[in-house]
There are 2 protein chains.
Amino acid sequence: MFSKAVVKYVKSLQVKKYRSQHQAFVVEGAKSVLELLQSDFEVQHLFVTESFKQEHTAILAKGFKYDIVTEKDLVAAGTFTSNNAVLAVASMRKLQPLRLQEKDFVIALDDIRDPGNLGTIIRIADWYGIEHVVCSDTCADFYNPKVISATMGSFTRIKVHYLNLPEWLEQHHSKYKIYGASLAGENLHHMQLRPEGIVVLGNEANGIRPEVARQVNQLIKIPAFGKAESLNVATATAIIIDNFKRNA
Amino acid sequence: MFSKAVVKYVKSLQVKKYRSQHQAFVVEGAKSVLELLQSDFEVQHLFVTESFKQEHTAILAKGFKYDIVTEKDLVAAGTFTSNNAVLAVASMRKLQPLRLQEKDFVIALDDIRDPGNLGTIIRIADWYGIEHVVCSDTCADFYNPKVISATMGSFTRIKVHYLNLPEWLEQHHSKYKIYGASLAGENLHHMQLRPEGIVVLGNEANGIRPEVARQVNQLIKIPAFGKAESLNVATATAIIIDNFKRNA
């Protein structure tokens, strides 16, 4: 059973200020929590329904302390409109500062605001074996429950670095090729791309900011064959990465 | 100003039963409604805020009748949590039955339940110039406000046909190549694909149903380089279509 104090604590973690204060975040849903339990994140609290417990006795037996709660409890404390499985609170982890190696291939996000988009991009990075995602300070927060949920467990593997993007790109400008997605770019299908360097994706409505665009040395575009004005930024990221990776 | 009766009517259109009864649907947001006003859909009602009216006088002057309302009115009647622009009610249109031509390239969706996914796929089809999307009867409803919204205006151009998918595929089996997305498929990056035929994408959790899979004659997969178990179905659709279209 949830005490009122616990519900209050879990709910407070929906707000970035309290996540920072407690250095903790919430993970909801069976897929995400199962990945969490197999990762090196420290689990502070684990709340499971009776049916989740029965389905996953083996993994729960690995020394995890947990409380049995109802679906109603989980919905009251979390962000899902239905959750018949599990909710966990985990500790944030400290990332080592990102030091790029010569042939590294990373995604850089400039002001991606929608948590669902950020989470989906992290899942795409994980599919394509890209370990690091760089975010401008203005991007959605990695530990936002909607981001964590949209990654479908990939949040345990992908390292997301928040930094001053124009400055960081400037530091890497001379040693790395910096690509930027733009409707004014070169047709991806006509390029021979190697999966090395940095690919920058811009804000959902406004694209890449001018101070970031100045650091880009190759604009690229996904060719359009129809009449849609644009693609969702997560969709565009997936297509672009696939075009790089086909020559891996 | 909205009358109570109008609000009730607009709200009723969030439910498929009432959309069918009235043969009408709701369009929200500036981008979507502007595309609607330039399409051949018949507009029944148009509710605009003062600021939207001032920004779009030219298009509104083309003979559209409209009412001035507040943002609060729009939020009360619609599905958006904020809407400082516009809401329209339009009449459904009758589609001609789909008759494929020899070199046509269509997307077929088997039991795609999430409205956001369906809308995003319609937007992707529009980007790549694919006119027809075929849906199993169990897919999300094209006229669901969340589908319409996720298409970002592409709902005005793409024709979405609901039908008995296994039967329809069986009828086209001998004349068209039918591809199916599957983790057990052939690596897309190693194939020479022509954008002709039918590409089937399956349900978010369960993939393609067995009765649909029996009609597929080529399974294809997006190669994985990392550890994510799967990709979102809209993401996967985009990557697959891009691989076909690069040889267009």
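Over all chains, the structure holds 26 salt bridges, a salt bridge being a side-chain nitrogen of Lys or Arg within 4 Å of a carboxyl oxygen of Asp or Glu. This is a predicted model, in which local features need pLDDT of at least 70 and side-chain atom pairs count only at pLDDT 80 or more, while totals for chains, interfaces and linings use all residues. Residues are numbered from 1 along each chain as its sequence is written, chains are lettered from A and ligands numbered from 1 in the order in which they are written, and side-chain values use heavy atoms, with hydrogens and water left out.

**Stop 1: a salt bridge between the chains**

Select Glu229(B) and Lys31(A), whose side chains meet in a salt bridge of 3.1 Å, N to O. Glu229(B) is in the loop between β10 (218–221) and α11 of chain B and Lys31(A) is in helix α3 (residues 30–37) of chain A, so this pair joins two chains. Helices (H or I, at least four residues) and strands (E, at least two) are DSSP runs, numbered from the N terminus. Glu229(B) counts as exposed at 56% relative accessibility, and Lys31(A) is partly exposed at 25%. Here buried means under 20% relative accessible area, exposed over 50%, and partly exposed in between, with a 1.4 Å probe and protein chains only.

**Stop 2: salt bridges within chain A**

Select Asp40(A) and Arg93(A), a salt bridge with its closest N and O atoms 2.8 Å apart. Asp40(A) lies in the loop between α3 and β2 of chain A and Arg93(A) in the loop between β4 and β5 (105–109) of chain A, so the pair ties together parts 53 residues apart in sequence. Asp40(A) is exposed at 64% relative accessibility; Arg93(A) is partly exposed at 23%.

Go on to Asp126(A) and Arg157(A), whose side chains form a salt bridge of 2.8 Å, N to O. This pair links distant parts of the chain, with Asp126(A) in helix α7 (residues 115–127) of chain A and Arg157(A) in the loop between α8 and β7 of chain A, 31 residues apart. Asp126(A) is buried at 3% relative accessibility, whereas Arg157(A) is partly exposed at 21%.

**Stop 3: the interface**

Show both chains. Contact (heavy atoms within 4.5 Å) involves 31 residues of chain B and 31 residues of chain A. The two chains bury about 3,000 Å² between them, 59% of it on carbon and sulfur atoms; buried area is the accessible area (1.4 Å probe) that two parts lose on being put together, summed over both.

The count of salt bridges between chain B and chain A is two. One of them pairs Lys31(B) with Glu229(A), the closest N and O atoms being 3.1 Å apart. On the side of chain B that touches chain A, the elements giving two or more residues are α7 (115–127) and α11 (233–245) of chain B. Of these, α11(B) gives the most, with six residues.

Next, select Lys245(A) and Phe225(B). The charged end of Lys245(A) sits over the ring of Phe225(B), 5.0 Å from its centre; the rule asks for NZ of Lys or CZ of Arg within 6 Å of the ring centre and within 35 degrees of the ring normal. Lys245(B) lies over the face of Phe225(A), at 4.9 Å from the ring centre.

**Stop 4: aromatic rings**

Rings of Phe, Tyr and Trp (its six-membered ring) pair if their centres lie within 6.5 Å; planes under 30 degrees apart count as stacked, over 60 as edge-to-face and the rest as tilted. The count comes to 16 aromatic pairs over all chains. Among them is the tilted pair of Phe25(A) and Tyr143(A), at 4.6 Å centre to centre and 45 degrees between the planes. Phe25(A) is in strand β1 (residues 24–28) of chain A and Tyr143(A) in the loop between β6 (132–136) and α8 (145–150) of chain A, 118 residues apart. Phe25(A) is buried at 0% relative accessibility, and Tyr143(A) is buried at 10%.

**Stop 5: His161(A)**

Last, select His161(A), in strand β7 (residues 159–163) of chain A. His161(A) is buried, with a relative accessible area of 7%.
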